[in-house]
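Please consult the sequence and structure below while reading.

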Amino acid sequence: MLGILNGRVYDPANGVDGQVQDIWVQDGRIVAADQVPNREAAEIFDAAGLVVMPGGVDIHSHIAGSKVNAGRRMCPEDHRADTGAQNGVTRSGGGHSVPTTFATGYHYLEMGYTTVMEAAMPPLLARHTHEEMNDVPLLDKGAYTLMGNNRFLLGCLGHRQKAKARDFAAWLLEASRGYAIKIVNPGGVENWKAGKRETDLDDPVLGWDATPREIILALADISTELGLPHGPHLHVNRLGQAGNASTTIRTIEALDGRRTHLAHLQFASYGGGGRHPLRSAAAEVAAAVNANHNVTADIGQVVFGPTTTMTADGPLEHTLHQLSGSKWLNNDVEEETGGGVVPMNHARRNTVSALQWCIGMELFLSLEDPWRTFLTTDHPNGGPFTAYPEIIHCLMDREFRSQMLSSLPDKAQSRCGLAGLQREYSLQEIVIITRAGTARALGLANKGHLGVGADADIAVYAPQLNWSMMFRRARLVVKGGRVVVRDGQVVAVCPGHTLCVTPGWDEGILPSLREHFEQHYTVGFDNYAVQDDYVPYCEVIRCK
Amino acid sequence: MSATVLQARANLTLPVEADSITPDRIDGLQQVAVGNLPILYGREWAPLGDLFAVSGDGRADLVLEGDLTHVKRIGQGMTRGTIAIHGNAGLHLGSQMRGGEITVDSNVGGWAGAHMAGGRLRIYGDAGPMLGSAYPGERRGMTGGVILVEGSAAARVGERMRRGLIAVGGSTGDFPGARMIAGSLFVFGQLGPRAGAGMKRGSIVSLGSLASGVLPTFQYSCRFAPGFLQLYLRYLLRWGMPVTPAHLQGQYQRYTGDINTLGKGEILIYDQH
């Protein structure tokens, strides 16, 4: 039993905005004060003068799996400068933009995050993803299953077999132990494998009677029919290309009320293109998101410095490789998706990187509903997650943000509307975009709030000279009722849960699936699904 | 003013991470403070004084004595002063150094002078692999300074070298000058196989023999007496490298490559006929 007393509590899901309250914890859950039978026996943490909020929930981060590990292997330079030694509690680990599994868990926890979602899991490589996620200590984790370029699914859609597509999606989620449907450059990765460089919303997918629009709408409908806790997680077509804002806006309009999450919106909010230089189209995209309440978005903020980009969008990584001349890894996941890794340096003096930073900030400040706007860096694509405190500082401190903006190249400043935005986030809004809102968008009823019955995932911060310092290291972090961080240091280690869904499917699909595997896969059908042994701490989140 | 002497107390059999042994860190410290500098011995941190007997206050000129085969990162990142090592030295000697001079009486481990940007590293014995090279994943290795080896060097000397000079009095292992971007590599003994593989620019000069022929991705260019080579060889002679009058007056065969990459590098082979 634990009591966190006299803290200033920020719990927007329950309408608490900085009031001094006590939080009581028993058996891993938050309980009401009058339900605590023997307070004298409880461990007490005096939080007077401190800020108490739910543990952070990161809705989009690449922390485990084949491409993450490929990034580690091809970027040993990323690990040399940032190492951590074991200290009796924690194990050794390191890495700046692609930390090792242990370091990932420790760094998130030290910042007060307790739940993180791996943003892209190829089903064929799901075992690897789960093995790495099991190695990430302390955090609760889930993974989004990639489907937007799956050939079996494309075949179903091409033959207008929507029920079969739905059952396949449900089966694939269960087989891969995924949490939500992930769509990356739908049809575009498949087209790139056939030699087509760029695919827009209504371009045909070569060899399949389908378009990206049809894939997105079908998977959005399937997600709703299956009652998945989190809507389809969409990485739109033409991501990272100049002028892609029109594609993003048309995608939002095409969704027509269907619940969808737009991933790393910053990379999809570019104007210009052709003969016109890159410029911000954040205002237009933000207007579209503001007008469509079915849509949530995380930003994918760029932060300056070296990082490692990685995505299932193989053509995008090829473009980045051509632009930067940096080393490149390409991966073809048979029948399912692609992928690539390219190390990058988001240099402050580089106009494009600076403009990306501005566009991200502009989106943060232009999106009106914090419950539909979430803080991410698309770790590690925009920068490492350890930069979240710096981003929060920019959002909460207009003067600091102005200083940052004034240090950027003039061209970047003139091609965006950031200078005219005066908004400052309140602490309550920060709590929403980092935990309460993300938990709600993920359908995690027991996370992101401090109400009775919630998981006892709690972060306590000490006010500092600036917001960045405050959020860099939590004074206290409680995970599942257990104190795991004190004074910014991990003091106890335990495994986290793997969050997954079991939506149910019609077994009539199995014969055709088996035939498909026998004809096209290098893996036998009976060996494909992830066994229970790979998810020893599985927590099934109920579908509606 | 006398030097600061660090005498190894015993046979150091466990790996020692000694990046605190640089003139930059030690200069100006009292003797006690030098002895208290942290050093990683095996997996435990220890004060430097536990492993080395310290004589004198901290100076910019250091003398290290004893078998330091397992002592790594001596002089890492140093910018000034001198380090004289009487005995062997371990891995990463003088890596990332930007100034000053290190001399070693005997042999050194791998990665000596890796990412070196300035200063001079003088090795009177043999050097391990990756002399003056790039660490894994990095785009550039040595970017400045001079490395002189009187003995031989193992594989991958000067890999991804961008600027600077490496001279090896003996032979080299495989892949000398592989992926060189620029800079100069002189080998007085036998030039190892696959020299200059993937090199873009820069010069590899063979003044002895070849372990195997030049790679097929190098084109024969001409036979001539390069003027710039005279200048280099006179410097090397002054530094005690085994330059002969014949080297100074002789003809050289020039091969250009590697045409798999940019193809603007050159291998100059001293023509003994």
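A:Thr498 is buried because 23 other C-beta atoms lie within 10 Å; a residue counts as buried if 20 or more other C-beta atoms lie within 10 Å of its own, exposed if 12 or fewer and partly exposed in between, with C-beta atoms placed from the backbone. The model is predicted: local features need pLDDT of at least 70 and side-chain atom pairs count only at pLDDT 80 or more, whereas totals for chains, interfaces and linings use all residues. Residues are numbered from 1 along each chain as its sequence is written, and chains are lettered from A and ligands numbered from 1 in the order in which they are written.

**Chain A**

A:Thr498 belongs to strand E25 (residues 498–500) of chain A; helices (H or I, at least four residues) and strands (E, at least two) are DSSP runs numbered from the N terminus. Beyond its neighbours within four places in sequence, A:Thr498 has contacts that include A:His130, A:Met133, A:Arg177 and A:Tyr537, a contact being two C-beta atoms, placed from the backbone, within 7 Å. The C-alpha atoms of A:Thr498 and A:Ala245, 253 residues apart along the chain, are separated by 35 Å.

Chain A as a whole contains 18 helices and 26 strands, and 58% of its 544 residues count as buried. Its radius of gyration of 22 Å agrees with the value near 24 Å that a compact globule of 544 residues would have; the radius is taken over C-alpha atoms, and the globule rule is 2.2 Å times the number of residues to the power 0.38. Those C-alpha atoms fill a box of roughly 70 × 60 × 45 Å along the principal axes. Among contacts between residues at least 6 apart in sequence, 77% join residues at least 24 apart.

In helix H1 (residues 66–74) of chain A, the residues A:Ser66, A:Lys67, A:Val68 and A:Gly71 are buried. The buried residues of H1(A) pack against helix H4 (126–135) and strands E17 (305–311), E18 (329–333) and E19 (337–346) of chain A.

**Nonpolar cores**

A nonpolar core is a set of buried Ala, Val, Leu, Ile, Met, Phe, Trp, Tyr and Cys residues joined through C-beta atoms within 7 Å. The largest has 167 residues, of which A:Ala169, A:Leu219 and A:Val460 touch the most other members. Helix H12 (residues 351–366) of chain A supplies the largest share of this core, nine residues. A second, separate core of 73 residues includes B:Met78, B:Ala89, B:Ala114 and B:Phe186.

**Chain B**

Chain B has a mean pLDDT of 95, and 100% of its residues reach 70 or more; pLDDT is the predictor's confidence in each residue, from 0 to 100. Several of its strands pair, a relation that requires at least two DSSP bridges.

| Strand pair | Sense | Bridges |
|---|---|---|
| E2(B) and E7(B) | parallel | two |
| E6(B) and E8(B) | parallel | five |
| E8(B) and E9(B) | parallel | four |

An open sheet of mixed pairing has the order E4-E3-E2-E7 in chain B. Its edge strands, E4 (44–47) and E7 (71–72), each pair on one side only. B:Ile83 stands opposite B:Ile102 in E9(B), and B:His86 is the bridge partner of B:Glu65.

**The complex**

Four residues of chain B are in contact with four residues of chain A. The predictor gives the complex an ipTM of 0.76 and a pTM of 0.91.
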